Amino acid sequence: MDYFTGQFAPVHGPDGNRAAWSDTLEDRRRRHDMVRQQILARGIRQPRLIRAMARLPRHVFTHNHQRLLAYDDHALPSDYGQTISQPLIVAIMTAALDARPQQRILEIGTGTGYQTALLAMLYAQVFTVECISQLSVAAQERLRRLGFDNISFSIGDGSKGWEAHGKFDGIVVTAATAEVPKPLIAQLADGGKLIIPIGKQNLQMLKQFERCGEEIRCKDMLECRFVPLVGE
Ligand code: SAH
């Protein structure tokens, strides 16, 4: 299967800076290496996800001076003390949703919008909540310039979910919490999965909760380290 064809149209950055937003041959080479060495080699094989990661210019979501690091195998600092998650973790969380293309996904922790964009390439409708307004506004601008029109943004405390638009076929939480926020379980549609890091400040377990009618099944996935979920 050829995962490595197709490209985003070049876009101007907010400051009209075409260079920062261009997707050069070098960027694509680094991105394809990332997909081969960090994602495929670690056993993640969902074809639509792999193709989306091979296409989506991750360097557009990092700072300009991080361009050479944008496809490396670790998280990177973003603004306001937050991070853009490690590509592998984004892939694992997205793969674990395992929803159908026509379904609706809720993301808590928009951050840079990188995972938001991947979700929007894979699913019909994406709802994303971020508590730091400046991050949300920057992500909205970035995703609009990249051409996405199936994402709804909210600024606020995502531990409450987004009740007005529920229920959701999948929910990903990209910040860590000691306990599962109850509203997120309540907003999970039947058969839907919630992917969330649960634990202490420095180490969490990435968990998958699945709603089967009234029953909630829970599975441990892997140890991880996320920035904390703030709020109630
Ligand atoms: N997926 C993002 C990860 C960002 S880090 C990326 O790869 O860019 C986690 C994000 O969750 C941060 O932007 C942080 O501000 C946000 N966050 C933390 N607590 C939150 C809450 N209660 N509601 C909404 N967003 C929250």
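**View 1. The largest pocket of this predicted model has a volume of about 670 Å³.** A pocket here is an open set of points on a 1 Å grid over the protein atoms alone, where a 1.4 Å probe fits and protein lies on both sides within 12 Å along at least five of seven lines. Its volume is the space filled by probe spheres set on the points, which are joined across faces, edges and corners. Lining residues have an atom within 4 Å of a point. There are 39 of them, and Thr 83, Thr 174, Ala 175, Phe 226 and Val 227 are the closest to the pocket centre. Elements giving two or more residues to this lining include helix 4 (87-97), strand 3 (104-108), helix 5 (114-122) and strand 9 (215-224). Helices (H or I, at least four residues) and strands (E, at least two) are DSSP runs, numbered from the N terminus. The lining divides into 17 nonpolar, 16 polar and six charged residues. Ala, Val, Leu, Ile, Met, Phe, Trp, Tyr, Cys and Pro count as nonpolar, Asp, Glu, Lys and Arg as charged, and the others, Gly among them, as polar.

Residues are numbered from 1 along each chain as its sequence is written. In this predicted model local features need pLDDT of at least 70, side-chain atom pairs count only at pLDDT 80 or more, and totals for chains, interfaces and linings use all residues, while side-chain values use heavy atoms, with hydrogens and water left out.

**View 2. The ligand takes up the space of the largest pocket.** More than half of its atoms lie within 2 Å of the pocket's grid points.

View 3. At Gly 158, a polar backbone atom is 2.7 Å from a ligand nitrogen. Ser 85 has a backbone N or O atom 3.2 Å from a ligand oxygen. The ligand alone exposes 580 Å² (Shrake-Rupley method, 1.4 Å probe). The protein buries 99% of that area.

**View 4. A cis peptide bond runs from Gly 166 to Lys 167.** Its omega is near 5°. Lys 167 is in the loop between strand 5 (151-155) and strand 6 (168-173).

How values were computed
Polar contact = N/O pair within 3.5 Å; in protein donor to acceptor, adjacent residues only side chain to side chain.
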